[in-house]
Amino acid sequence: MPGIRETRRLPWSAEQMFDLVADVSRYGEFLPWVAGVRVKSDSETEMVADLLVGFKALREKFTSRVIKDRPRSIEVIYLDGPMKDLDNRWTFTPTADGGCEILFDVQFTFRNRLFEALAGQYFDRAFRKMVAAFEARAEDLYGSSSSSATSVA
């Protein structure tokens, strides 16, 4: 299954970043291509939500189960939608300077292999745009810090 893995060191706390990522109902306010969100159920440890994702006239609904382990991790399990599989995991690790290191891992499989080969070329770019949107949202919510976000190889 194709996938993308990114580690980022950010100036915000693990708790702040966990809360931002777990606030799925607000994704339409800052994530590109999210045209709508419907949270079907939500508790401290689990959520089920639909995301309506679109670009121009193309719209698709994705349903996922979100497993929350505050402030350590968020696991998103694909339940239904246009793909064969789309799962991701966020891991938040506090750093000594009060910030955190985030590991974001996404695995995906398209139903159509040809489409997977074509779309896979753009998935990396879309993924990076999405990560940048989460960072910009953190800055909007929590302010900037003297340290800056960096990729960790």
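The lining of the largest pocket divides into 32 nonpolar, 3 polar and 4 charged residues. Here Ala, Val, Leu, Ile, Met, Phe, Trp, Tyr, Cys and Pro count as nonpolar, Asp, Glu, Lys and Arg as charged, and the others, Gly among them, as polar. The model is predicted, so to speak of local features we need pLDDT of at least 70, and side-chain atom pairs count only at pLDDT 80 or more, while totals for chains, interfaces and linings use all residues. Residues are numbered from 1 along each chain as its sequence is written, and side-chain values use heavy atoms, with hydrogens and water left out.

The pocket holds about 1,300 Å³ of space. Of its 39 lining residues, W33, V53, F62, F123 and A126 are the closest to the centre. On a 1 Å grid over the protein atoms alone, a pocket is an open set of points with protein on both sides within 12 Å along at least five of seven lines, a cavity is a set where a 1.4 Å probe fits but cannot get out, and lining residues have an atom within 4 Å of a point. Points are joined across faces, edges and corners, and a volume is the space filled by probe spheres set on them.

Which element gives the largest share of that lining? Helix α3 does, with 11 residues. At least two residues each come from β3 (46-55), β4 (58-69), β5 (73-80), β6 (83-94), β7 (100-110) and α3 (113-142). Helices (H or I, at least four residues) and strands (E, at least two) are DSSP runs, numbered from the N terminus. The protein has 3 helices and 8 strands, in the order β-α-α-β-β-β-β-β-β-α-β.

Back to W33, in the loop between α2 (27-30) and β2 (34-42). W33 has a positive phi of about 75° although it is not a glycine. Its relative accessible area is 29%, so W33 is partly exposed; buried means under 20%, exposed over 50%, and partly exposed in between, with a 1.4 Å probe and protein chains only. W33 and R59 are in contact with G54, leaving aside neighbours of G54 within four places in sequence; contact means heavy atoms within 4.5 Å. G54 itself lies in strand β3 and is buried at 12% relative accessibility.

Next, the cavity. Among the lining residues are R8 and E135. A polar contact of 2.6 Å joins the side chains of R8 and E135; the term means a pair of N or O atoms within 3.5 Å, where within protein one must be able to donate a hydrogen and the other to accept it, and residues adjacent in sequence count only if both atoms are side-chain atoms. R8 is in strand β1 (residues 3-10) and is buried, at 16%.

Last, the core. Which residues touch the most other members of the largest nonpolar core? Of its 38 residues, they are Y27, I74 and F92. Such a core is a set of buried Ala, Val, Leu, Ile, Met, Phe, Trp, Tyr and Cys residues joined through side-chain atoms within 4.5 Å. Not counting residues up to four places away in sequence, F92 touches several residues, including M17, P71 and I74. P71 lies in the loop between β4 and β5, and the peptide bond from R70 to P71 is cis, with omega near -5°.
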